[in-house]
Amino acid sequence: MSESFDKNVIYLDNAATSWPKPEAVYRAVDYAMRYSGNASRSGHRLALEADRLLYQTRKMLASFFNVGDPAQVVFTKNCTEALNVALKGVVKEGDHVVTTSMEHNSVLRPLSKLQKSGVEVTVVQANVEGYVAPEQIAEAIRYNTKLIAVIHASNVVGTIMPIADIGKVAHDHGALFLVDAAQTAGTLPVDMEECFIDLLCVPGHKGLMGPSGTGVLMVGKGVEVESLIEGGTGSLSESVEQPSFMPDRLESGTLNVPGIAGLKAGLEFITEVGQSTIRQHEQKLTKLLLDGLSELDNVLVYGPKDPNRTVGVVSAVVRGMDPAQVSALLDREYGIATRPGLHCAPLAHKSIGSFETGTVRFSVGYFNTEEEIEKAVQAMKHIAKQLD
Ligand SMILES: Cc1ncc(COP(=O)(O)O)c(C=O)c1O
């Protein structure tokens, strides 16, 4: 850490990665680095410690998201990798995919690549609030629709999608349902069975409070996903073929054991505090932010103004100022960390009307306080006043 790092930073970039982490997460990473070996590779104590840790974490994730079988829980290095494995592992030439304009590039770019190999893609347009209705998804379905891929909540404006209803549409039409829960895992309950989700992709390092380099793909019962990467699994070493059983089929190479130890500690923290407590706290802060910013002259807030319809992500611009300039001022003059620009979601910004310069994104987390939000609103007030 650089000497000049100011620990009093007001961190409002939790949608990128959550910070700080619960103390137990730092401790768990440290412990795992000191006292675990490579999982599934040997029978000595350090290797078994890693095996135990992986199994316990899979079990926790399976229960957290109602996956059913812990073997269907696959560790990845982030949500992007989970999404790539899921999309490329189930969609083939001649298949049709329905998705939305609110998706992150980690869905849009793999789909764009798949399009080049003969996959058809329909992008359903969200309204100006970033919302897509289940009926719009139903209308886009064709005879060859293999998959419906939907973001749970927007990383630009926080809008929550009706995933249970969209899941029902997918189920009724015999299509697979993929949910990108990057912005909701750890904050909103996600039940794979109740929402008819076949493929659930989450990062470990955002709302689940784990370290960077962690992500998870959860695969519903009976859903066949082809591997993207083959290699050592520690199982069936006599064969040059990738094992067909889960999770080995989709998990090649040494796993991020310290990262997963941190993720487990993050899950334990969430379970202890309670997801609904975290949600309520973030909603209170989001309301303060939405109300405070909406009242300011020269500031335009995008997306729904009702925190019941969003997660803790708020996008705004100061009229006549580049969001990058505003975000730099917030950082340098006020010690407030935000993210400017297009947030890897160009079509989402087109939907809400903020393409090409984008917005300044404020994203709250469990460790933010009301006082910090008030300071952020005051800082925006000062910046916007410079224009008068
Ligand atoms: C909605 C959404 N999907 C996917 C991702 C990709 O997540 P990761 O950075 O873990 O690859 C992000 C990251 O910001 C996101 O907001």
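1. Which residue has a polar side-chain atom 2.6 Å from an oxygen atom of the ligand? In this predicted model, that residue is Lys 206, and the protein covers 90% of the 390 Å² of accessible area that the ligand has on its own (areas by the Shrake-Rupley method with a 1.4 Å probe; for residues, only the protein chains shown count as cover).

2. Local features need pLDDT of at least 70 and side-chain atom pairs count only at pLDDT 80 or more, whereas totals for chains, interfaces and linings use all residues of the predicted model. Residues are numbered from 1 along each chain as its sequence is written, and side-chain values use heavy atoms, with hydrogens and water left out.

3. Around the ligand there are 14 residues, of which Thr 80, Asp 180, Gln 183, His 205 and Lys 206 come nearest (a residue is near a molecule if one of its heavy atoms lies within 4 Å of it). By class, the shell has five nonpolar, seven polar and two charged residues.

4. Gln 183 places a polar side-chain atom 2.8 Å from an oxygen atom of the ligand, and an N or O atom in the side chain of His 205 is 2.7 Å from a ligand oxygen atom.

5. His 96 is in strand β3, residues 96-100 (strands are DSSP runs of E, at least two residues, numbered from the N terminus). His 96 counts as buried because its relative accessibility is 0%, buried meaning under 20% relative accessible area with a 1.4 Å probe and protein chains only.

6. The side chain of His 96 makes a polar contact with the side chain of Thr 122 at 2.6 Å (a pair of N or O atoms within 3.5 Å; within protein, one must be able to donate a hydrogen and the other to accept it, and residues adjacent in sequence count only if both atoms are side-chain atoms).

Notes:
Ala, Val, Leu, Ile, Met, Phe, Trp, Tyr, Cys and Pro count as nonpolar, Asp, Glu, Lys and Arg as charged, and the others, Gly among them, as polar. Helices (H or I, at least four residues) and strands (E, at least two) are DSSP runs, numbered from the N terminus. Buried means under 20% relative accessible area, exposed over 50%, partly exposed in between (1.4 Å probe, protein chains only).
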